[in-house]
Amino acid sequence: MSDKRLERALAPFREAAARPYDTVKACKASGRTQVVGCSPMHFPEELIHAAGMLPVVLQETEEPVTEGFAHVHPFFCGITRNAIDLAARGGLDFFDGLIYSDICIQNRNAALSLKHILPKGVRMALAQFPTVLSRDGVFEDTLRELGKVRGFIENLAGRRIEDQALAESIRLFNRNRGLLRRLFDLCRESPGRLSMRDRQIVVRAGMVMPREEYGRLLAGLATELEAVEPMTRSGQPLFLSGHLCQGPKLDIVDLIEGTGVEIVDDDLYTGRRYFALDAETDGPPLEALARRILDRTVPVPTRSDGEMGWAGYLVDRIRQSGARGAILLIAKYCEPHLFVYPFMKAALAEAGIPYLMLETEHEVVSLEGMRTRLQAFVEMLDRKAI
Amino acid sequence: MTYAAGVDIGSLTAKSVIVDRDCHVVAYRVVQGLIVDEAAASESLSLALAEAGLDRSDIGCLVTTGYGRSMVGFGDRNVTEISCHARGAHFLFPGVRTVMDIGGQDSKVISLSPDGGVGNFAMNDKCAAGTGRFLEVMAQALDLPISEMGPLSLRSEAPASISSICTVFAESEVISLKARGRSRLDIVAGIHEAIGRRMHSLVKQVGMGRPVAMSGGVAKNVGVVRVLERLMGTDILRPPEPQIVGALGAALFAREALA
Amino acid sequence: MDEIIKEPNRLESVSKIGAMMIASFLEIKEQAARGSKVVWANGLPAFLLARGAGLPVLHAEGLIAGLAAKGLEKPLQEAAEEFGMLPDCCSYARSFIGLARIARGDFALNPDLDPTLYRMPPPDLYVNVPGAGCGTGRLWGDSVAAICGVPAFHLEPRFNWDESDQAYNFEDYIRQQKQFIGLLEEVTGRPYDWDRLREVMGHVKKAVTLRQEIMDLCAHKPSPASFFDMAANIGPVCHLVGLPGTVGLLDDMKQEVEQRIAQGVGSVPNERYRLYWDGIMTWPKLGVLGRKFASLDACVVAGAYTHLLFMPRADLIDPDRPLESIAHNLCGIGINCDFNGQVDHIVNLCEKFGIDGLVMSETQTCRAFNSHSFAVMDGVGRRLGIPAVTIGGDSCDERFYSDAQTDTRLQALVETIEARRKNRLR
């Protein structure tokens, strides 16, 4: 039965996403590789991969913050507090290296806290890619920064990253991204094919697993999903937006899907945003990576594009997806998101698109309150439909 | 089976309303409890039925709402208190565009579209600041019955400045002000200002349209109402029984579903 | 129990700053009315460079801090919240956004308020210069620019992850300034006046040198001035820099301080404890806090905000090399370096001023100035053996401050200092 096959195909992804750092440690323990963590956004994991090491996008783990409170205030965003908490408890010591991106003041300060707390065995770097896209010389700056990062990684790996290897890594990552796009397109066509929970899991697994193996599993999953006939729509079709830096907790995704709505599309970090853009495969690979970093197709408020681009982009994406409304998930204290939020509100109001904003926190609190809001939103949409 | 019922199960009170096919309210009951559970919810329904001279089989449809709406085993469907407060307020005050509900544990603002449906809403349910609980804690700190708080607050000419963002902060401020000899009148007025400010910023999140109505137990507090009327620059409509607006809305949804 | 309230001895010269600020805001309005283009900015370098272009610049933070110190700041925040900004966000940012909305006529001010306090001419250009390298400045700059329909220019210093970054970051900042000057030429339609800039740099060198000397004199016991005086004294090295009367005011202030030292007059009537303040100033409680500390016989002598920012390297200012001077005073200073660097700066301050205890103000809508809190408490505690206490608060949003909690904690700090003194005597 195709259901059983689908479940089997999903199993390795679920395992990796449920215990992301155990997956990474297992890789390391089997002597296969060194592991280098990187923070969102835009970090070109291909560079780490081409050096023969496992790139790991830092994950927000489930435990509430405890020891971390000796190092960070409670009014910092969840991913920052979680990372600092893990560091304080020795939970990040297995990394050989960590590269943070300077995307917002909290991310930068998380890096500084970690630099202060972690043992010297975890080598750290801060990648300062341009935060203002209109500046002169932005491409050269990016290239130079990539060169610095490459040097750091080579030092860590104890070997050079050859252009040939980098080009191959780019091709592998492009392939994986293409497969993810295919999966998500299949779900836009028929959301019942794969729950949003599982879609999240599939993306997150790809942030910690060896990428070759991941690619093979993705191809298998895509085959299974393509065999699933499109189902009749039930429930309101909605667009899920937000969470720039980490995925929403699965409890919240379950809550959303539990109201009976169908998530047709999204722009989450652990969703479309992660695999939206490929790097070119011709020309010098480092330049291709620089161009991918500077690509403005998917606006991101952690850098200045001069036009609050995400607001208009969101409206376009919602219209293309056929969704009847949107749920905006904002991680509490995420300033890049909060500053563009009023513009998103205005754009959605002008476009006549109903939306519900939900603030999420690292510690999952007030699920009941969220349930009430979601249900009220659906009731609103249902009445509008009559 | 020509009647419909709505039961609003909050954390401190259970409210039931019964309406007939013409949407007349034939009975209602509010049951107060330390813990509101299925038994308390059932009791409020039984009491309302008894008052109307009906029994359970006369109810063609029952809708539950409130915090405990999915907790109880009875009921044909559940609808959130947002939709129910909007519905109930719209019934009582046709044309109302903003509804403010301040209950025991939470508060909300609902903006209605011209047809009476929910247009937008904002909730404060993460902490007690600005809710009935806040008033209770402060009343205890001042050794005053809650029912006196509102009228007393109107008599002050210089309300004390009290935090609106945290009940614990506010309580320690009240104690400190008392110790420094500040008059109880001014402190009570300050508490009402704090509740009003908190509610006002919730209103701002949603946008204010007139006319404005209030529901929930705290609507009976004339002090809070006066502060809100001043901050918002508008009169506030209040039903004689503000606590049952949610249950009324639920009953009206149930009525819709009657064949 | 009767509470003893003591008033601090505020510096008389500081009390003149308010009027000078108001006059300068009026001057901006008048220039705008005469057709001049107006720049809004959040940092000192923008001032210096824009003055070279002959443009009036509004340092909105100065306006906002001034309003907050008088308890008038709320309409700005309300205007921002009506727009959709949540109160969790940086309150400076929200106040800027509120100011922009009011300037554009997008927010209806309560008719009971004096509109001249809040209505400034909208900008033709917004410049973001985060003096401490905070990326949130970029966010609110873009927001204000979008609200006003004008361009935003970001003069962000790169971050010194370690000392090896300094050289490149320094050159990069000079490049950025040159690009900005190109933009100023476009906006004004005339060549940049480098002589004017050099003249302004001469002023700023005098001003920051004097300010530094005044702060250094506070190493004296009892301290002749406090952190509260110095927080109010930011205007002369920011919004008022290069304007007539500024250097004169600072000269007078230095004399006033020297006179106090000669007469043995302290900033607080009876100085028994010398404290350090971490975090941004809690502007809406400037007066309240001043009294509180004076009543505890405590003088807040130094703070990161006043002492580590606003051109702390006066010695590296060369009026003939303006861009380099500015870069020297942004790259690697303040919080533009790692925690070890930040802790070193603060240990030096504590040693220089004979600090007995640290007051770590949380500044709850800020996530730039208080990331180092724990490293500082730990580092300073271990190296100098002095206690610390945290207090709630925020730069402009008074909702985050609680008076009763602050009283308890400050009293506890003072009791801890006393206990440690007794222990040392035994």
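Reader: Which domains does the domain assignment of chain C give?

Author: This is a predicted model. For chain C, the assignment gives domain 1 as residues 15-193 and domain 2 as residues 197-425. The C-alpha centres of these two domains of chain C lie 23 Å apart.

Reader: How many residues does the contact take from domain 1 and from domain 2 of chain C?

Author: It takes 45 residues from domain 1 of chain C and 43 residues from domain 2 of chain C. On the domain 1 side, the elements of chain C giving two or more residues are helices H1 (17-33), H2 (44-52), H3 (60-69), H5 (91-103) and H8 (166-188). H2(C) provides the largest share of that side, seven residues.

Reader: How do the residues on the side of domain 1 of chain C that touches domain 2 divide into nonpolar, polar and charged?

Author: There are 24 nonpolar, 15 polar and six charged residues on that side of domain 1 of chain C.

Reader: Let us take one residue of chain C. Is Trp277(C) buried or exposed?

Author: The general idea is to count C-beta atoms around a residue: it is called buried if 20 or more others lie within 10 Å of its own. Trp277(C) has 27 within that distance, so Trp277(C) is buried. Trp277(C) belongs to strand S5 (residues 273-278) of chain C.

Reader: Which residues is Trp277(C) in contact with, leaving aside its neighbours within four places in sequence?

Author: They are Phe227(C), Val300(C), Gly303(C), Val359(C) and Ser361(C). Sequence and space can also be read side by side: Ala302(C) is 25 residues from Trp277(C) in sequence, with 6.4 Å between their C-alpha atoms.

Reader: Turning to chain B, in what order do the five strands of the open sheet stand?

Author: The order in chain B is S3-S2-S1-S4-S5, and the pairing is mixed. S3 (25-32) and S5 (77-78) of chain B each have a single partner strand, so each is an edge strand with one side lacking a neighbour in the sheet.

Reader: How many bridges pair S2 and S3 of chain B?

Author: Seven bridges join S2(B), residues 13-20, to S3(B), in the antiparallel sense. One of the paired positions is Lys15(B), whose bridge partner in S3(B) is Val30(B).

Reader: Which strands does helix H8 of chain B lie across?

Author: H8(B), residues 245-257, lies across S1 (3-9), S2, S3 and S4 (59-65) of chain B, and runs at about 145° to S1(B).

Reader: Which residues have the most contacts inside the largest nonpolar core?

Author: Ala5(B) and Ala251(B) do, in a core of 351 residues. Not counting residues up to four places away in sequence, Ala251(B) touches Ala4(B), Ala5(B), Gly6(B), Val17(B), Ile18(B) and Val19(B).

Key: Residues numbered from 1 in each chain as written. Chains lettered and ligands numbered in written order. Predicted model: local features only at pLDDT ≥ 70, side-chain atom pairs only at ≥ 80, totals over all residues. Pairing = 2+ DSSP bridges. Helix = DSSP H or I, 4+ residues; strand = E, 2+ residues; numbered from the N terminus. Contact = placed C-beta atoms within 7 Å. Axes fitted to C-alpha atoms, helices over the stretch in contact; angles between N-to-C directions. Buried ≥ 20, exposed ≤ 12 C-beta atoms within 10 Å, placed from the backbone. Core = buried A, V, L, I, M, F, W, Y, C linked by C-beta atoms within 7 Å. Domains from an automatic or database assignment. Nonpolar A, V, L, I, M, F, W, Y, C, P; charged D, E, K, R; others polar.
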